[in-house]
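Me: I've got a model open and want a quick walk through it. Can you take my questions as they come?

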Amino acid sequence: MLKFYIVSSGRDQDAAFSLDMGVLHTFADGNTSIVNRQKKYGDVIKRTGCFLDSGAFTFGKYQQSEEQKKNYLERYIDFINSDINNYNIYAQLDMTSYNDWNMEIIQENADRTFENYQYMIERVKNPEKLCIVFHCHKESLDDLKRLLEYKSPTGKRAGYLGLAGAFKATSQQKVRIFEKCFNVILNSSYPDIKVHALGIGQPEILMRLPFTSCDSATAVKCGAYGQILYWRPEHGIYTRVFIGDLSYNRKRGNYLQMPKRELADFQSYIKEYGTTLDELKADTFAKKVFNIKVTKLFAEQYKCNYKKIYNKKLF
């Protein structure tokens with residue numbers, strides 16, 4: 001089974017909780033928002049767990065002074081330690097520059113991420129829930145090795161490694177990038193670290209590599225764009241189908257372009273989830289809920305074929 005965290009907010013997050021799905025909380029959203037969710041869904045959160053994101057993506061968009069960075073990190077650690085039981089994983093505060101490919105800046109951010117890890121591992125109450133972060137599309141594999149090999153002076157190590165980045169790459173390109181990362185992991189002194197796919201929800205990637213968990217906004221975003229997830233693992237089908245209004249009728253992948261036999265199977269597939277094509281077409285929120293249900297089933301039935309395909313050194 002793959003632990004899958006839905007990235008969502010508001011009503012969409014309510015839907016994920018109601019279906020017993022784990023969700024991602026972002027510290028940058030503010031303590032009040034998170035605490036309110038915990039009060040409303042405390043039992044579900046304890047049962048399903050949540051992923052606590054540091055908010056580095058939001059935080060990194062703005063120029064921050066050293067004092068602001070230090071203050072943010074301290075507040076984040078305090079929050080983690082005050083409410084640790086409701087989270088399966090919490091990401092370290094990493095540093096990255098999203099629009100800058102200057103190698104000096106990239107290395108500076110990688111060094112700062114490593115320093116933050118060193119600082120946090122000695123201060124969080126449950127280091128086995130800490131997730132170190134590696135930006136595999138920019139940073140060097142030497143930086144990954146450094147994260148994996150580090151032990152604190154008291155012998156502590158993070159329990160998780162989060163692989164981030166490669167947002168604009170194709171699925172095949174992402175697989176190749178992640179393969180290189182897993183090759184480093186499996187040949188390190190910490191080959192059994194749990195690996196989390198940050199922002200990755202595509203089955204064609206997740207089934208090719210031995211991830212422990214992942215987070216993704218795919219279910220919610222696809223619903224918002226008039227799409228539903230059409231995942232038929234027995235047929236090797238993992239795609240998205242437009243079922244929106246007339247503005248989508250000429251788009252590739254619209255259900256109107258299906259042959260009759262495939263369309264009949266598609267409608268039967270929808271009924272398996274307790275709804276109809278007409279009901280989904282009429283309601284954006286219904287599409288999101290449908291997609292969350294599909295995602296949940298995929299996570300429950302998840303099988304990774306990594307060992308069957310990559311049972312030797314990758315390069």
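**Barrel, hairpin, charges**

Reply: Start at one pairing: Tyr5 stands opposite Asp215 in β8. This is a predicted model, where local features need pLDDT of at least 70, side-chain atom pairs count only at pLDDT 80 or more, and totals for chains, interfaces and linings use all residues. Residues are numbered from 1 along each chain as its sequence is written, and side-chain values use heavy atoms, with hydrogens and water left out.

Me: Which strands pair there, and over how many bridges?

Reply: Strand β1 (residues 3-6) pairs with strand β8 (residues 213-216) in the parallel sense, over four bridges. Pairing requires at least two DSSP bridges between the strands. Strands are DSSP E runs of at least two residues; helices are H or I runs of at least four, and both are numbered from the N terminus.

Me: What do the eight strands close into?

Reply: A barrel, in the order β1-β2-β3-β4-β5-β6-β7-β8, with parallel pairing. The twist from one strand to the next averages 25°. Angles run from 0 to 180 degrees between N-to-C directions, with axes fitted to C-alpha atoms, for helices over the stretch in contact.

Me: What does helix α1 touch?

Reply: Helix α1 (residues 10-18) packs on the sheet and touches β1, β2 (22-26) and β3 (50-53). Its direction makes about 145° with that of β2. Contact means heavy atoms within 4.5 Å.

Me: And α5, which strands does that helix touch?

Reply: Helix α5 (residues 103-121) touches β4 (89-91) and β5 (130-135). The angle between the directions of α5 and β5 is about 175°.

Me: Switching to the core. How many residues are in the largest nonpolar one?

Reply: It has 96 residues, and Leu206, Phe211 and Phe266 have the most contacts inside it. Helix α12 (residues 284-300) gives the most to this core, with seven residues. A nonpolar core is a set of buried Ala, Val, Leu, Ile, Met, Phe, Trp, Tyr and Cys residues joined through side-chain atoms within 4.5 Å. Buried means under 20% relative accessible area, exposed over 50%, partly exposed in between, with a 1.4 Å probe and protein chains only.

Me: What is Phe211 in contact with?

Reply: Leaving aside neighbours within four places in sequence, the contacts of Phe211 include Leu2, Leu163, Phe178 and Tyr302.

Me: Now β9. Which strand do six bridges join it to?

Reply: Strand β10 (residues 237-242), running antiparallel to β9. Gln227 has Phe242 as its bridge partner in β10. The two strands form a hairpin with four residues between them, and Gly236 in the turn has a positive phi of about 70°.

Me: Are the residues of β9 buried or exposed?

Reply: Six of the six residues in β9 (residues 227-232) are buried. One side carries Gln227, Leu229 and Trp231, the other Ile228, Tyr230 and Arg232.

Me: How many salt bridges does the rule count?

Reply: Eight.

Notes:
Salt bridge = Lys/Arg side-chain N within 4 Å of Asp/Glu carboxyl O.
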